[in-house]
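Open your viewer and get ready to select residues by number. We will walk through one model together, stop by stop.

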Amino acid sequence: MKKRAGAGGVQMFSFLDAMICTLGALLVLLHTFARDRQTDLVKKAEAQATQETTIDVEAERETLEWRIEQLREVRAKTEAQLADQRLKLAHVEDHERRLHDKARQLEIALAELDKLSKSKDATTLRNQAELEAARIRIVEARDALAKAREAHKQAASYSVVPYEGPHATRRRPVYIECREDAMILQPEGVQLVPEDFAGFLGAGNPLASALRGAREYYARQAPERTQQGEPYPLLLVRPEGIMTYYAARSALGSWGADFGYELIGSDWELKFAPADERLAQMLRQIVTDARRRMRELALVASQLKSQRQRVALRASTNGGFVADRRHSPGGG
């Protein structure tokens, strides 16, 4: 029995040992495949992020170029208006100089008349009369000079009237004054604040809704005038209201290029036609309704976003649990 046991010293692997080795090799292969798959996904995500960044940069560049072009146009119009104001100021100063010269001449004549009044000849009474008349003219010249200076100091007042010329239009303008902190529908005085243009600006934003309401109101009031052309927005842009102007342009996306704009000074006092109280009340109600719709849409969008995030999180969690069970050795 001992000799026979010594002859069987070399033994073969059991079936269980072979299965364990096979599972170990499979685990190594699965780990390698998973790592390669993860690397491919990372590369694809990086490529997609790079492409999106390039698209965003290109869009931003186009937007900046467009703004630069708009600012160039604004600067050109402002320079033209400054040149016109300089010309008016030169006329006022020239008129002031002429009044000064006239007053100086009258003072010289008065001095000469004072000398003549001392004589006792027969022309004394006539000289005295001329002296009094010269004094009156001096007072009048001084009053005219003071009025000219006061008129020059007063701020100019501008009336907004339709343009009449070779390129005039018979369409009714809807005036939109762009200030630094507000946008005002004139002459009704309906104000829109920056919060009205935050977020996504669809066709139902307060400005576009108010303009559509004004168009329908004018159409009911004067159908024969509406047949000549629908009303169009006319933006009156002050220097500090450039960003408000851009917000109005975004809100008027549904109007395309069917609008006009005019640059005005910061201290210009604008005079419009009398306001229509019924139109003003209707526009305020339209703006209030549009603000309420925008708040509701923002709330719905927020809820949908939260719901999509929860669904995505649930899907990713369930997917990871199934993958772990499928790849585990005992998941059978």
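What follows is a tour of a sheet, its helices, a core and some charged pairs.

**Before you start**

This is a predicted model, in which local features need pLDDT of at least 70, side-chain atom pairs count only at pLDDT 80 or more, and totals for chains, interfaces and linings use all residues. Residues are numbered from 1 along each chain as its sequence is written, and side-chain values use heavy atoms, with hydrogens and water left out.

**Stop 1: the sheet**

Colour the model by secondary structure; helices (H or I, at least four residues) and strands (E, at least two) are DSSP runs, numbered from the N terminus. Look for an open sheet of five strands in the order 4-3-2-5-6, with mixed pairing. Two strands pair here if DSSP finds at least two bridges between them. At the edges you will find strand 4 (190–192) and strand 6, each of which pairs on one side only. Ignoring direction, neighbouring strands of this sheet are turned by 25° against each other on average. That angle comes from axes, which are lines fitted to C-alpha atoms (for helices over the stretch in contact), and angles run from 0 to 180 degrees between N-to-C directions.

**Stop 2: strand 5**

Now select residues 232–237, which form strand 5. Is this strand mostly covered or uncovered? It is mostly covered, with six of its six residues buried. Buried means under 20% relative accessible area, exposed means over 50%, and partly exposed lies in between (1.4 Å probe, protein chains only).

In a regular strand the side chains alternate between the two faces of the sheet. Show the side chains here: Tyr232, Leu234 and Leu236 are on one side, Pro233, Leu235 and Val237 are on the other, and all are buried.

Strand 2 (residues 173–178) runs parallel to strand 5 and is joined to it by six bridges. Strand 6 (residues 260–263) also pairs with strand 5 in the parallel sense, over four bridges. Click on Val237: it is the bridge partner of Cys178, and Val237 also stands opposite Leu263 in strand 6.

**Stop 3**

Move to strand 2. It is largely enclosed by the rest of the structure, because six of its six residues are buried. Pro173, Tyr175 and Glu177 cover one side, while Val174, Ile176 and Cys178 are on the other.

Follow the chain onward, and a hairpin takes you from strand 2 to strand 3 through four residues. These two strands run antiparallel and share four bridges; Tyr175 has Gln186 as its bridge partner in strand 3.

**Stop 4**

**Stop 5: the core**

In soluble globular proteins, nonpolar side chains tend to be buried together. A nonpolar core is a set of buried Ala, Val, Leu, Ile, Met, Phe, Trp, Tyr and Cys residues joined through side-chain atoms within 4.5 Å. The largest one here has 30 residues, and Leu207 and Leu235 have the most contacts inside it. Helix 4 supplies the largest share of this core, six residues.

Zoom in on Leu235. Contact means heavy atoms within 4.5 Å. Leaving aside neighbours within four places in sequence, the residues in contact with Leu235 include Ile176, Tyr245, Ala248 and Phe259.

**Stop 6: charged pairs**

How many salt bridges does the structure hold? There are twelve, where a salt bridge is a side-chain nitrogen of Lys or Arg within 4 Å of a carboxyl oxygen of Asp or Glu.

Select Glu107 and Arg142: they form a salt bridge, with the closest N and O atoms 3.1 Å apart. This pair links distant parts of the chain, since Glu107 is in helix 2 and Arg142 is in helix 3 (residues 124–153), 35 residues apart.

Finish at Arg291 and Asp196, whose closest N and O atoms are 2.8 Å apart in a salt bridge. Arg291 lies in helix 7 (residues 277–327) and Asp196 in the loop between strand 4 and helix 4, so the pair ties together parts that are 95 residues apart in sequence. Asp196 is buried, with a relative accessible area of 6%, whereas Arg291 is partly exposed at 26%.
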